[in-house]
Amino acid sequence: MQRQGKAKTPRRPGHKKTSNTEKDPVGVYCRIRPLGADDEECCVEMISNTTIQLHPPDGLKANRNGDFKETQYSFKKVFGIQTTQKELFEDVAKPLIEDLIQCKNGLLFTYGVTGSGKTFTMTGSPGQGGLLPRSLDMLFNSISPYQAKRYVFKPDDKNGLEIQSQVDALLERQKRENMQSVPKTPVSSRQKADPEFADMISPEQACKYDSVDEDSSYSVFVSYIEIYNNYIYDLLEDAPFDPIRPKWLGGGTPVRNTEFVTPQSKILREDQNHNMYVAGCVEVEVKSTEEAFEVFWKGQKKRRIANTQLNRESSRSHSVFIVKLAQAPLDADGDHILQDKNQVNVSQLCLVDLAGSERTSRTRAEGNRLREAGNINQSLMTLRTCIEVLRENQMCGTNKMVPYRDSKVTHLFKNYFDGEGKVRMIVCVNPKADDYDETMLVMRFAEMTQEVEVARPVDRAIYALPAGRRHRNQAFKEELSRRLEERGGPSNPDDPELMNQLIDSLPALPACELLDATDDQTLPRLVEVLERRHRIRQMMTKQFSKAAITLKSMLQDFDSNFSAKENFIHDQRGKLGEKDKVISSQKTELERLENKSKTLEYKIDILQKTTNIYEEDKRSLQQELETREQRLHRELSERKRMEQRMQGMVADTKHKWEKECERRVNAKQLEMQNQLWVKDEKLKQLKAIVTESSSGSAGGGPTERPDKPQRPSREKDRPATQKRSASPSPMPGDVFKTRGGGQAVQFTDIETLKQECPTASSRKRRSGSGTDDQENRVPAASSSHVYQKRRKP
């Protein structure tokens, strides 16, 4: 068994700090997406294939004078709204695939505002494959005949590859198949391919690199990571089960096989060649484009996306799809891989889909969305800062430290900006007027990035073995098989059974040992056997000639029959050609319908995702609505209780006031009676005085005063149930006078009392004698007092 070798990541020794190193500027391209609606206002105009012009939308003034200030920006190439995915790939990504096969690294990332078409440019849709699927398709179309068997190249844990022999690779395959815990590599089959990535590239659009080294073996490894909230997560890592922390059902039964461990963030490390890599990242070996699609889609389903105000499926993380190509030369015989670790090279291409920059004031992000937007903008700001420092160091000759470590994105790709490969950037632009301010910032960053130069990788020979080894080995095997077939021998000369049959058909040779120089028996026997073998050989030759003549006649007959059949087949082919045209037209229609069906399935899937997002929002809103309804119900119940309480208080207060009013009415009735009695007494006294004076003047002598009538007690006139506890409150306009006994009596207007207390007037009217009854009830003290007052003058 041969010793395993370890591959090295390609790195040019001493490429840094060299004054004569050739440099190329970062290639920046611009792609303009179509407007969402025809009535939307456009603020981007394509002037030429390298220049665009931005003009402010209506209502936005660029300066105080009110004049519009238009700006122009130049790129390496500008792709308009009519540009196809194939044209974009041939200009941008195809050179990077060629460099990848030539053992050179590459970095391609999309940059732009949210909703500008970055993910579509990188991934594409059914029938319109983006840069990533086309890059994989071109790579496998180029190296497919020269791929090594699975597990010949084995990744290690230090960003390198180990080389295994054919036997070790076979044992590794059997081991992987037997181990259930190790995830198997997806099967290369198009039957169960995801509809979103099936048939992305039509066969007529497939491309191939012709300058592939045929004397080398290749193997492709892919990995897929995302940078979310400045943490690195592996999208191809299967979430393991947690056997300790079970998930409990409602019935009290633990379900341990549905509890997954939360994915942990990966860390960045530096290998022995000072290249950055993600430690512990899963690298899957793929052998076809379909297999790579399945691996990519497996990770794409785990990528974090969300619905925002600006984009229905907004990427909330930066995704990095890494394609690593291992290349090792064949040995001198051209049959096996050379087991020399110094002759193995590994190149990689990073396809980065950056999350879109956005303003929280426009997205109205809250909670986790706000935090995600802040981390996205912070990482993009760090990328701008690194580009600014690089440009300043190159243009001004300064040696400022580039802050690569401030963000995981810049820290992971710092080797590319230091001269480890080509760097390409596609700036995606949405021409609608609402994105004008963000588009201006993107244009300024793109303009600054074009001024940064990256060292050009140096071409170098990989090995010193002669070329054409694989072709000579294949030609030798084909020629050997052809000659064995012409001789009538076995197609495989190493088959021992056929050789033994041929030897057994001949007579056996006698013993050829000579015991004496005068031995006359051994040589004649040997000559006899050889002559017999010679006769058998001649007989076999005659039989072979007869068989050949017979076969030739049969072949001639067959040729004549074959010519007749060829004529018949030619006629049938004519008819078949006509049917093929019909079938081709039907196939074209069928392909059109299939593409339409796949597009509709793709849209249905997007709508399903959107529906799920809306359903989650609906459930949260329903929960909030139920909470508010419960709160409102409690408030209504409290309000009803307060109303009942207030109604009881109002009823009690009303009852109290009714009693008080009744008391006051009774008091006023009594006062009115007192006032009427007093007035009646005054009238009686006045009448008595007048009568006395008239009788005195007539008789000339004094007359006896009649006895003063006694006033009956007022207790008889009061109701039996009425008890006067206190004097009523005095009313406005009341007049107080003092009676003879010193008791205060309250008087008021007669008409007012009659209006307020009609019971007293009605009682007076109901009485039979009127004032005569009251005159008999005048007390003597009161009469004498009034009499004395009248006689005073």
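The model is predicted: local features need pLDDT of at least 70, side-chain atom pairs count only at pLDDT 80 or more, and totals for chains, interfaces and linings use all residues. Residues are numbered from 1 along each chain as its sequence is written, and side-chain values use heavy atoms, with hydrogens and water left out.

**Overall**

- The chain holds 18 helices and 27 strands. Both are DSSP runs numbered from the N terminus: helices are H or I with at least four residues, strands are E with at least two.
- Of the 793 residues, 36% are buried. Buried means under 20% relative accessible area, exposed over 50%, and partly exposed in between (1.4 Å probe, protein chains only).
- Of the contacts between residues at least 6 apart in sequence, 74% join residues at least 24 apart. A contact means heavy atoms within 4.5 Å.
- The chain exposes about 49,100 Å², with carbon and sulfur atoms supplying 51% of it. Areas come from the Shrake-Rupley method with a 1.4 Å probe; for residues, only the protein chains shown count as cover.

**The β4-β5-β6 sheet**

- Three strands form an open antiparallel sheet in the order β4-β5-β6. Strands pair if DSSP finds at least two bridges between them.
- β4 (44–46) and β6 (71–74) are the edge strands; each has a single partner, so one side of each lacks a neighbour in the sheet.
- The twist averages 25° from one strand to the next. Axes are lines fitted to C-alpha atoms, for helices over the stretch in contact, and angles run from 0 to 180 degrees between N-to-C directions.
- β4 pairs with β5 (residues 51–54) over 3 bridges, in the antiparallel sense. Met 46 has Ile 52 of β5 as its bridge partner.

- β13 is mostly covered, with 13 of its 13 residues buried.
- In a regular strand, side chains alternate between the two faces of the sheet.
- Ser 216, Tyr 218, Val 220, Val 222, Tyr 224, Glu 226 and Tyr 228 point one way from β13. Ser 217, Ser 219, Phe 221, Ser 223, Ile 225 and Ile 227 point the other way.
- β13 and β22 run antiparallel, joined by 12 bridges. Tyr 224 has Phe 321 of β22 as its bridge partner.
- β19 (residues 284–286) runs antiparallel to β13, with 3 bridges. Here Val 220 stands opposite Val 286.
- β14 (residues 231–234) pairs antiparallel with β13 over 4 bridges. Glu 226 is partnered by Tyr 233 of β14.
- The β13 and β14 hairpin has 2 residues between the strands, and Asn 229 takes a positive phi near 55°.

**Helix α2**

- Leu 96, Ile 97, Asp 99, Leu 100 and Ile 101 are buried in α2 (residues 94–101).
- The buried residues of α2 pack against several elements, among them α1 (85–92), α4 (131–143) and β22 (318–329).

**Surface sites**

- Leu 551, Met 554 and Leu 555 form a nonpolar surface patch with about 300 Å² of accessible area together. Patches take residues with over 30% relative accessible area and no salt bridge; like charges are joined within 9 Å, nonpolar side chains (Val, Leu, Ile, Met, Phe, Trp, Tyr) within 5 Å. A salt bridge is a side-chain nitrogen of Lys or Arg within 4 Å of a carboxyl oxygen of Asp or Glu.
- Leu 551 belongs to α14 (residues 522–699) and counts as partly exposed, at 48% relative accessibility.
- Asp 210 sits in the loop between α5 (166–178) and β13 (216–228). Asp 210 is exposed, at 68% relative accessible area.
- Asp 210 and Ser 142 lie 68 residues apart in sequence and 6.9 Å apart in space, C-alpha to C-alpha.
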